[in-house]
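Me: I am new to this one. Please walk me through how to read its features, one at a time.

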Amino acid sequence: MQLGSMSIGKKDRRNTNASVRLLSAEETSGDLNPASRPRSREDSLISNEDTAYRDNAIVRERTRKSDVTELTMQQGVVLIEDAIHYRSIHHKLDSFSIGLYQWYHSAPVQWCLYAVIFVLMFLAFLETPSSLTWSSDPRKNQTRSELPPGLLEGVDFACLLILLISTGIQSYLIADIHKKMDFPKKHPWLTGNFIVILLSLTDLIVSLVLGDDVYRLRLRRLLRPYFLASSSTMLKKTLKCIRNTLPEIASVLTLLMLHVYFFTMLGMLCFPKGGHMGANHTHTEFNNTEWKSYFSSLDQAFMSLLVLLTTANNPDVMMPAYSENRLYSVYFIVFSLFGTFLIFNLLTAIVYNQFRGYFQNSMQTSHFRRCVAFSAAFSVLSEPTTRRNGSTSLTSESPSSSNDINERSVNMDKLKVVLSQAAMQPLHRTSIHHNIINLGLESGNVTKVDFNQIFSSIDSSIGVEILQPASVVEYSQHYVRGKVQRIVFHPAFNIVGNLMVLVNAIVLTIEIAIHYEKAFNQVFSRLNVVNYAFAIYFVIEQSLKVFALGKRYFTNVSNVYDCMITLALVIVESLQLARYGQRADYIGAKGLSLWDCARIINILVIMRLLRIIPNFKPMAVVTTTLLEIMRNLSSFAGVLAIIYYVFAIFGMMVFENTTNPISGGNDECPAAAAGQSPAKCCCGTFEQLQYWANNFNDFASSLVVLWDVMVVNNWGVFLDVYSRRVSKVSQLYFIAWWVVSVVISVNLFIALILDHFIAKWDRVHEPRGNRLRRRQTVQALFFANLHDPSRTEINDELSKHPFLKWCVGGS
């Protein structure tokens, strides 16, 4: 009833106002002057109420327009950030959600999440059995340092709680984009986060209730690498590409296993235990020790040839047969020729080709996301073009529609404000500013085509040098600083500095050789005086640079490196001179002496010689490719960290304390247990090679074992010892690790090297006029093969965003 009366009252008021307006019009149409006509009290009250109502409506409209403008600015900022970082735009776009979204993706928050994941995974080094011992050799009987009970569980719980909050924030930001039933399908990684956190918390509660002594399984440790995988978009893309490449890898591995099986059966026929070697061969046995190690049974022969594929037991496996008849070497040569050199290289080619293809498709998806995000940013920032009659219209239709998008433009002043608020790297900001200047768009309105051109080469480094801070102010030659600048800026200054570093390297080499070959106190004084001379020269050199360049000196990373190394060298040399003078009686003292510290710093000074590499073109291509690979190695390093972590934890669960020597020492060599001398032990055995420190007794030592097997040298020793001490089934663990680490990961690394080198080589040999200098990212490797999506594809993607139409429609 109140609502009805209010609506009626408003209706009556509008009718009254309309009557007043009609009356005023009739009165003013006559000869009577309205100003001279006396107004009644009711007329004055009605007029004042109508004026206040209109003023409030105007204020509300202006406030609404101001709020909409501020919201669109926030949306433009976050959409441009999404485009720069290849993120999806399918998230909430209201004011609160945008603030939460920007806070979540800010650098401090992201680094905190990375730190939480690092701490969570680092717990494996501290959990029982901890890796807090100087040696992993069980014969030393070292006491492991264990942290107080409940401390690590508390840290584990805190990390899981933070990750749960992080997952909840991500889910909230996209919760209304898709239907609840489609959430697991649309966002499997987020769904997996909830499941993994729930399982980890359950396992943590069980661990707290039962204790580590009773419950040592702790399955949550196997789940921790999932958080690392889900934290990086590039890492998720890499894992997805590896998964898609597995069928091709499996086909080659099947061919490889058939190759090993065929030669295993052929070897069992050619080398029968105690059988005839041929028509003219007498009934004899090969060397018994070697024979039992390689072809004693079918499974042993298969494993021996599998290890031979990696050349780890070559030529050991061949020697028993080769010592009897030189023609038997043909069998092993043919086996290695087809298996090691043909099928393995074919596997590398397939991994490179297939992985690159899948990765290129993934990069195309990222490029599509960027194009969609830029189009969305233009949509929310653009305004309708003024018509000829001066009127504009705001419709609820999305501005990204094909009929309306060409009639809209973005004010450059508004775009500059948005760009200033967007979080981006300085190189991105510099590239955008450079494009604005080149296109002549410093003011006015920006069309859709111009908007795309502004961000077209956002990853390029063209113009970076032009827009860098101003160069060093050069003083006149009449000033002392001007004379110093003339010396420092001359090319001969750097040449002399590099020559001094080279001479310092030669002297350092001679000094170290004398230190180990002769009594060093005989020549110590002369060589040490030379080292002091080098230190004085480096101090003078860097002082001249600081005086000539001023603040600009500290903007160069190489200058800062030289300054730090020079200061460290001066401090150590001064301490050495003050403590020992020209005496060398401290040489031979235990630990790291001042002499050792000074020489180590000298070696770091020699790193300055790397600056001459750009002067040699072939060497420059190789070294720059190496540096680019190291910069873009995060996804590959993440894959290695995941597989190492999972296999190390699983190895601890299965093989902990299985290779420890038996008390009394008889287990150190099989021959020793039989009363024989250790010299008669089998060559290549775990016990004879004293591999006791290679075990799965803690997490750190497990990682080392996995690394030794990954290198594949003597990895057959680990197959043998765990086969004897645990079970022959344990060999499947090491074979699986070999396939994952060597066959897949190493070939993936080779593919990464090939991609970077080919891309770098093509850029070097491009015509200088057509060369586009791009920041060396993973996306830049595939830029030449990427294509821009069509307008229809972009509009279809924008139409799927329910909040985009609402936020740009003005309603």
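Me: What volume does the second largest cavity have?

Reply: A cavity is a set of points on a 1 Å grid over the protein atoms alone, where a 1.4 Å probe fits but cannot get out. Volume is the space filled by probe spheres set on the points, which are joined across faces, edges and corners. Here the second largest cavity has about 40 Å³. The structure is a predicted model: local features need pLDDT of at least 70, side-chain atom pairs count only at pLDDT 80 or more, and totals for chains, interfaces and linings use all residues. Residues are numbered from 1 along each chain as its sequence is written, and side-chain values use heavy atoms, with hydrogens and water left out.

Me: Which residues line the second largest cavity?

Reply: A lining residue has an atom within 4 Å of a point. In this case they are Ile 242, Thr 245, Ile 249, Val 351, Phe 355, Ile 744 and Leu 748. Six are nonpolar, one is polar and none is charged. Asp, Glu, Lys and Arg count as charged; Ala, Val, Leu, Ile, Met, Phe, Trp, Tyr, Cys and Pro as nonpolar; the others, Gly among them, as polar.

Me: Which helix gives the most to that lining?

Reply: Helices are DSSP runs (H or I, at least four residues), numbered from the N terminus. α10 gives the most, three residues. α10 (233-270), α14 (329-381) and α28 (731-764) each supply at least two.

Me: How many salt bridges does a search of the whole structure find?

Reply: Side chains of opposite charge can pair when their charged atoms come close. The rule is a side-chain nitrogen of Lys or Arg within 4 Å of a carboxyl oxygen of Asp or Glu. The search finds 13. One of them joins Arg 220 and Asp 156, at 2.7 Å from N to O. Arg 220 is in helix α8 (residues 220-223) and Asp 156 in helix α5 (residues 151-174), 64 residues apart.

Me: Is Arg 220 buried or exposed?

Reply: Buried means under 20% relative accessible area, exposed over 50%, partly exposed in between (1.4 Å probe, protein chains only). Arg 220 has 3% relative accessibility, so it counts as buried. Asp 156, at 1%, is buried too.

Me: What separates Asp 720 and Arg 724 in helix α27?

Reply: About one helical turn, because they are four residues apart. Their salt bridge has its closest N and O atoms 3.1 Å apart. Asp 720 is partly exposed at 29% relative accessibility, and Arg 724 is partly exposed at 43%.

Terms used
1 Å grid on protein atoms, 1.4 Å probe; cavity = no way out; pocket = protein on both sides within 12 Å on 5 of 7 lines; lining within 4 Å.
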